[in-house]
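My notes follow the order in which I checked things.

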Amino acid sequence: FFFFKQKTAYEISACLVGSEMCIRDRNQSDKMEEELPQSAIKAQQHKNNGNNLFKMGKYQEALMEYSCAISLNDQESIYYSNRARCHKNLGNFQEALNDANQAIQIDDLNIKAFVVFGETAAEIGRRNNNAAMLQNAIKKLKKRDKCLKNKIT
């Protein structure tokens, strides 16, 4: 008999987000940097800086980098979901929900945004014993699953 360690919600979300990034990287590898406007290139640099700061646990500094990226390109969903993760880690739960929701509005296949929204809503629900917030998170995740099924078929 083989025994497998049961994955935590965080480990599962990390796998989903990692898979999403691989797919996005493959899809975006066809674009040449020369084709991008200068502001989009600078926005990407701010995002990369934010990612490095986030890995070091410098959430406030990372948040500022993601905000700079958004100011240069407000139509990139991943910038909002990354900033939402910073807000969540800093305890700014309403801002995290707002950014995650904005990311979903831009790209309803941004798995990271749904994960951050769900985790944040669950955290708020635990802190406030708010069943309605948890139901809202579940509804968003179900909507995402429906969107995925529609895009696949």
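**Helix α3**

I started with the length of helix α3, residues 59-72, in this predicted model. Its 14 residues at 1.5 Å each should span 20 Å, and the end C-alpha atoms lie 20 Å apart, so the two values agree.

Next I asked which residues of α3 are buried. I found Ala62, Leu63, Glu65, Tyr66, Ala69 and Ile70. These residues cover an arc of only 160° around the axis, so they sit on the same side of α3. I then checked the face turned away from that buried side and found the exposed residues Met64 and Ser71 there. What covers the buried residues of α3? I noted α2 (38-55) and α4 (77-90) among the elements that do.

**Whole protein**

I counted seven helices and zero strands. From the N terminus the order reads α-α-α-α-α-α-α. Of the 153 residues, 37% are buried. I took the contacts with a separation of 6 or more and found that 54% of them join residues 24 or more positions apart. The accessible surface comes to about 9,900 Å², and carbon and sulfur atoms account for 53% of that.

**Cysteines**

Is cysteine 86 buried or exposed? Its relative accessibility is 0%, so I logged cysteine 86 as buried. Cysteine 68 has 32% relative accessibility, so I logged that residue as partly exposed. How many disulfides are there? With sulfur atoms required to be within 2.5 Å, I got a count of zero.

How values were computed: Residues numbered from 1 in each chain as written. Predicted model: local features only at pLDDT ≥ 70, side-chain atom pairs only at ≥ 80, totals over all residues. Heavy atoms only, no water. Buried < 20%, exposed > 50% of the residue type's maximum accessible area, 1.4 Å probe, protein only. Helix = DSSP H or I, 4+ residues; strand = E, 2+ residues; numbered from the N terminus. Contact = heavy atoms within 4.5 Å. Areas by Shrake-Rupley, 256 points an atom, 1.4 Å probe, with all protein chains shown as cover. Expected span 1.5 Å × (residues − 1). Arc of directions from axis to C-beta.
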